[in-house]
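Please look over the fold below, then read on.

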Amino acid sequence: MFSKTIYVLLMALVTGCSGMHTGNQDSVLQTYAPGIVIVSEPVGKGYFALLDNQSGHWRVLGDLSKKRLTRQSDSQEVLFINHRFRSIAPVFDKGLNTHGANCTPYIHNKLWYWVCTSQFSSVEIAETIGINIVSCALTLCLGAGSRVELDHDKVAEAVIQSNLIQLAETKISNEKKGEYLSDFSRAMKSRDVDELEFFISKYRGQDPDNLIPEAIDRIDSIRAYAAFYSDLNRILDEAK
C-alpha cells in the first residue's frame, strides 16, 4: 500500500512538471519574422529544410523543398517553416511524439528520428529523477532513462545561425517572380484580352519589371487589329 502511494505521488509530480510548451514565441525570432512561433509539428503549407550542425554551427544543406526531407546523419535535423512565416517546427518521423517523451534506451530504437534522438531536445532533470525512481522500484530500472522535451531555444538558435528565415524569404520571392514572368509570357502568347487584363489586375502595384505597360500595348494592338478587320469586312460586305 505504501509503495503504491509513493508511486501515485511521484507520477503526479512528474505529470505536473510536464507542460506542453507549443506555440512559444522567441523574442529573437520576432526581429526576423514578427509573430512567428515555434511549434512541435508542421502546420499548413511551407518548406522543409535540412540543417547540419558542424562544430556547433548550423547551416542549411541544399535548397528548401516543398517535399518532406530526411536526415542522413545524427548531425542533421529537419525543420519546417510555414510559407506565411507563422510557425517553425521540427519534422520528426511520423507517428512519434514530437514534443516530449520518456527516452528509455532499453525500449526505444535509436534509429528513429524523434525528440529522443534530436539535438533540439533537452533533459528535464526533475522529471527524469522522478521517473527513474518509479522505474527502478517497479521494473528493476529496465524503464529508466531521461525525460526530454523539445527545446525551443535550441530550435531558435539553429534558425538564426542557418539564416533559415532569410532563405525562405528568398525562396518565396524567387517563386513569386517566376510565377509573375510565367503569367506574363502566357498572357502575351494567348493574344486574349481577358487574360491580359487579368495579368494587369493581378500585378497592379507589384510590377517589378514594368510589364503592365507592355500588356496594355498588346491589348491596344489586339483591339486595333480587330477594329481594322471589322471595318474591312464591313467595306467588303457593302461592295457586294
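Which residues does Phe85 touch, not counting residues up to four places away in sequence? They are Ala33, Ile36, Ile165, Ala168, Glu169 and Ile172; contact means heavy atoms within 4.5 Å.

The model is predicted: local features need pLDDT of at least 70, side-chain atom pairs count only at pLDDT 80 or more, and totals for chains, interfaces and linings use all residues. Residues are numbered from 1 along each chain as its sequence is written, and side-chain values use heavy atoms, with hydrogens and water left out.

**The hairpin.** Phe85 sits in the turn between β4 and β5 and has a positive phi of about 60°. Four residues separate the two strands of this hairpin. Helices (H or I, at least four residues) and strands (E, at least two) are DSSP runs, numbered from the N terminus. Two strands pair if DSSP finds at least two bridges between them. Strand β5 has these pairings:

| Strands | Direction | Bridges | Residues opposite each other |
| β4 and β5 | antiparallel | three | Ile81 and Ile88 |

Strand β5 spans residues 87-90. Ser87 and Ala89 point one way from it, Ile88 and Pro90 the other way. All four are buried, that is, under 20% relative accessible area; exposed is over 50% and partly exposed in between (1.4 Å probe, protein chains only).

**The cores.** A nonpolar core is a set of buried Ala, Val, Leu, Ile, Met, Phe, Trp, Tyr and Cys residues joined through side-chain atoms within 4.5 Å. The largest has 24 residues. Leu79, Phe85, Ile88, Val155, Val159 and Ile165 touch the most other members. At least two residues of this core come from each of β2 (46-54), β3 (57-65), β4 (76-82), α4 (152-161) and α5. A second, separate core holds 14 residues, including Tyr180, Phe199, Leu211 and Ile219.

**Helix α5.** This helix covers residues 164-190 and contains Lys171. Is Lys171 buried or exposed? Lys171 counts as buried, because its relative accessibility is 18%. Its side chain makes a polar contact of 2.9 Å with that of Asp63. Such a contact is a pair of N or O atoms within 3.5 Å; within protein, one must be able to donate a hydrogen and the other to accept it, and residues adjacent in sequence count only if both atoms are side-chain atoms. Beyond four places in sequence, Lys171 touches Tyr47, Asp63 and Leu64.

Arg186 is also in α5. Arg186 is partly exposed, at 44% relative accessible area. Arg186 and Leu196 lie 10 residues apart in sequence, with 8.9 Å between their C-alpha atoms.
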